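Reader: I would like to go through this model and ask what stands behind each label. Please set the values against the cut-offs.

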Amino acid sequence: MTNNLRFDGRVVIVTGAGGGLGRSHALAFGSRGASVVVNDLGGSHTGEGASKRAADMVVDEIQAAGGKAVANYDSVLDGEKIVETAMKAFGRVDIVVNNAGILKDVSFARMTDQQWDLIFQVHVDGAYKVLKAAWPIFRKQKYGRVINTTSAAGIYGNFGQANYSAAKLALVGLTSTLALEGKKENIHSNVIAPMAASRMTETIMPPDMLKSLKPEMVTPLVLYLCHEDTKENGSLFEVGAGFVGKLRWERTGGYGFPNNKALLPEHIQERWAQITNFEDGRVTHPGSTQESMESIIANFENLAGDSDAKAPSSGPSPAK
Ligand code: NAI
């Protein structure tokens, strides 16, 4: 296969690119002609300390392979400085990969406000700050590509990660709205839930599993989504160990109760099997708030006559 997905002339910011997934993304962009801003604060995986070494080493690697890269050592919370580094070094920004992240794992019962706040700051405020500084540039040039990094922990929950789960799912919401707001100006935003061996996962996964989870098996999806020819926008993917899959919401056909009669908890109880049934061939996949509202609006007209108003069992058929 020819390597024809090139990024010549494009400038990419990869946050947290001093190690793990970010390093892999940065090296790959650099090898395909992009000018790369390698951002990394260089602290520990729980957010302590700072060092220039991590970013410098990746810049050296990209340059040694003949690529173009500069380091930036700011926290993502100073997103405007990271964008400034790109503008000073290369004069533009085309792609932002929000990848920087830390963990503060602890059960919800024991979680402190600081542990909650810090995770939100790095993941959510950090992504916001970088994007907020890049967005006007994207809009002006009518071009931009955004990757945010969520996690299976955000989508499904994970014991001991209430702060991380909540912050990671916030990035899915952010991506969905940016996809809508950027579409007209050719700014595409997508979000990935990766799985890869890194210092973040090496303490929680067995060595055998880690061997099969190379960051390089996540990166190609990031590059594909960031290419100028790729139209995908507002989507969520799970990716790791060579598996790539897209996610969407699924809703049951539900049950439409009469909209002109009192709705009691007992009515819900009686129709619970229909409300929660994913197997009756009536599921839908709402892809927008408009589509989500369709069933609710359809039920505006679901009006019971006096005869069927008393017992929930005599209620109307499910809303279409
Ligand atoms: P990692 O710890 O190797 O890389 C994260 C990088 O972000 C580090 O180099 C760190 O110095 C940097 N960083 C942390 N705080 C920063 C800040 N305030 N400003 C700038 N840089 C900062 O971890 P890994 O696994 O490569 O994680 C990358 C992203 O992928 C993270 O957002 C993580 O939450 C996410 N993720 C990773 C998974 C995995 O299986 N490795 C699973 C799900 C999500």
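Author: Lys 142 is a place to start: Lys 142 sits in the loop between H4 and strand E5 (144-149). Helices (H or I, at least four residues) and strands (E, at least two) are DSSP runs, numbered from the N terminus. The model is a predicted one, in which local features need pLDDT of at least 70, side-chain atom pairs count only at pLDDT 80 or more, and totals for chains, interfaces and linings use all residues. Residue numbers start from 1 along each chain as its sequence is written.

Reader: What makes the phi of Lys 142 worth a remark?

Author: The phi of Lys 142 is near 55°, a positive value in a residue other than glycine. Ala 241 is another such case, with a positive phi of about 55° although Ala 241 is not a glycine. Ala 241 lies in the loop between strand E7 (236-240) and strand E8 (243-247).

Reader: Is Ala 241 buried, exposed or partly exposed, and why?

Author: Ala 241 has 14 other C-beta atoms within 10 Å, and is therefore partly exposed. Asp 78, in the loop between strand E3 (68-72) and helix H3 (79-90), has 18 C-beta neighbours inside 10 Å and so counts as partly exposed.

Reader: How do you know whether Ile 119 is buried or exposed?

Author: Ile 119 lies in helix H4. The count for Ile 119 is 25 C-beta neighbours inside 10 Å, and therefore Ile 119 counts as buried.

Reader: Which residues does Ile 119 touch, apart from those up to four places away in sequence?

Author: Ile 119 touches Lys 104, Asn 163, Tyr 164 and Ala 167. Contact here requires that the C-beta atoms of two residues, placed from the backbone, lie within 7 Å.

Reader: What makes Ala 162 buried?

Author: Ala 162 has 20 other C-beta atoms within 10 Å, so Ala 162 is buried. Ala 162 is found in helix H6 (residues 162-182). Leaving out residues up to four places away in sequence, Ala 162 touches Phe 108 and Met 111. From Ala 162 to Ile 119, the C-alpha to C-alpha distance is 10.0 Å, and the two are 43 residues apart in sequence.

Reader: What makes a set of residues a nonpolar core?

Author: A nonpolar core is a set of buried Ala, Val, Leu, Ile, Met, Phe, Trp, Tyr and Cys residues joined through C-beta atoms within 7 Å. The largest one has 70 residues, of which Val 12, Ile 13, Val 36, Val 38 and Val 130 touch the most other members. Helix H4 (residues 113-141) supplies the largest share of this core, 10 residues. In soluble globular proteins, nonpolar side chains tend to be buried together. Beyond its neighbours within four places in sequence, Val 12 is in contact with Phe 7, Phe 29, Ala 34, Val 36, Asp 94, Ile 95 and Val 97.

Reader: Which residues come nearest the ligand?

Author: Gly 16, Gly 20, Gly 101, Ser 151 and Ser 198 come nearest, out of 32 residues around the ligand. The elements giving two or more residues to this shell are helix H1 (20-31) and H4, and H1 gives the most, with 3 residues. A residue is near a molecule or strand if its C-beta atom, placed from the backbone, lies within 6 Å of it.

Reader: How many residues of each class does the shell around the ligand have?

Author: The shell has 11 nonpolar, 19 polar and 2 charged residues. Ala, Val, Leu, Ile, Met, Phe, Trp, Tyr, Cys and Pro count as nonpolar, Asp, Glu, Lys and Arg as charged, and the others, Gly among them, as polar.

Reader: Where are the domains of the protein chain?

Author: The domain assignment gives domain 1 (11-247) and domain 2 (265-314), with bounds that come from an automatic or database assignment. Their C-alpha centres lie 40 Å apart.

Notes:
Buried ≥ 20, exposed ≤ 12 C-beta atoms within 10 Å, placed from the backbone.
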